[in-house]
Amino acid sequence: MTTAVARCARLLADGGVAAIPTDTLYGLGASVRAPEAVARVLRIKTRDSGAGIPILVESAAQAGEFADMSPHARRLARAFWPGAVTLVLPARPGLDRRLLGPAGTVGVRVPASGVVRELVRRVGAPLTGTSANLHNQPPPMTAQAAADAVGTLVDLVLDGGPGAGAPSTVIDLVQDPPLILRAGAVDVATIRAIVPAVRPPGDPG
């Protein structure tokens with residue numbers, strides 16, 4: 001596996017795109033510092049620039065280089081990172097605008113997958129973390145499913161075993177009080193134990 005990870009990291013550092021195993025599902029990995037690779041991810045997902053693409057980082061410290069970490073964000077990061085919680089935060093200047101949501105936000109996560117964190121370390125930059133599937137298709141949980149979905153569209157499929165299945169819980173920390181945008185692997189009660197003000201999905205505030 002170490003050789004495969006090193007090969008994948010070199011490919012990503014050189015501007016390639018790979019389907020990579022995370023702790024939740026298989027994602028489309030590209031260096032956020034490789035503009036053409038980011039463009040390829042958007043084309044694969046048939047997603048317009050401005051819809052937002054989450055990024056995977058190796059630590060909360062690295063997250064702070066690309067997004068403004070509020071006190072709520074720091075508490076949630078301490079409690080759930082590495083893990084299946086994505087925090088939507090104001091993006092810092094310099095991050096590829098095509099990765100940002102309509103309000104200049106970016107979804108950031110430190111995955112529990114040691115493989116992904118090692119890839120980020122070797123590449124020297126965060127990776128895109130959107131699921132490795134075409135629009136309106138189910139996200140792949142295995143390397144074979146990822147290969148079936150996007151194998152002809154990426155440069156490599158890195159087999160890291162099956163993902164856990166449940167997507168990450170997505171929390172919008174730009175809103176006040178914060179709002180869970182997508183229920184996922186970490187439930188609302190567990191999130192509220194750390195930040196009681198967090199609203200459940202669909203709460204109009």
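This is a predicted model: local features need pLDDT of at least 70, side-chain atom pairs count only at pLDDT 80 or more; totals for chains, interfaces and linings use all residues.
Visitor: Sheet first. What is the strand order?
Guide: S6-S3-S5-S4-S9-S10. That is an open sheet of 6 strands with mixed pairing. Strands are DSSP runs of E, at least two residues; helices are runs of H or I, at least four; both are numbered from the N terminus. Two strands pair if DSSP finds at least two bridges between them.

Visitor: Which strands stand at the edges?
Guide: S6 and S10 (179–182). Each has a single partner strand, so one side of each is left without a neighbour in the sheet.

Visitor: And S4, how many of its residues are buried?
Guide: 5 of the 6 residues in S4 (85–90) are buried. Buried means under 20% relative accessible area, exposed over 50%, partly exposed in between (1.4 Å probe, protein chains only).

Visitor: Is its pairing with S9 parallel or antiparallel?
Guide: Parallel, over 4 bridges, with S9 spanning 169–172. With S5 (105–109), S4 pairs in the antiparallel sense, also over 4 bridges.

Visitor: Which residues are the bridge partners of Leu87?
Guide: Ile171 in S9 and Val108 in S5. Val88 has Asp172 as its bridge partner in S9.

Visitor: Switching to H5. What's buried there?
Guide: In H5 (114–123), Val115, Val116, Arg117, Leu119, Val120 and Val123 are buried.

Visitor: What covers them?
Guide: The cover includes helices H1 (2–13) and H3 (60–66), plus strands S1 (18–21), S3 (55–56) and S6 (127–128). Contact here means heavy atoms within 4.5 Å.

Visitor: How about the ends of H5?
Guide: Ser113 caps the N-terminal end, with a side-chain oxygen 3.3 Å from the backbone nitrogen of Val115. After H5 comes Gly124, with a positive phi near 80 degrees.

Visitor: Last one. Where does Arg40 sit, and what does it touch?
Guide: Arg40 is in helix H2 (35–45). Not counting residues up to four places away in sequence, Arg40 touches Gly16, Val17, Leu153, Val154 and Asp155. Its side chain makes a polar contact with the Asp155 side chain at 2.8 Å. A polar contact is a pair of N or O atoms within 3.5 Å; within protein, one must be able to donate a hydrogen and the other to accept it, and residues adjacent in sequence count only if both atoms are side-chain atoms.

How values were computed
Residues are numbered from 1 along each chain as its sequence is written. Side-chain values use heavy atoms; hydrogens and water are left out.
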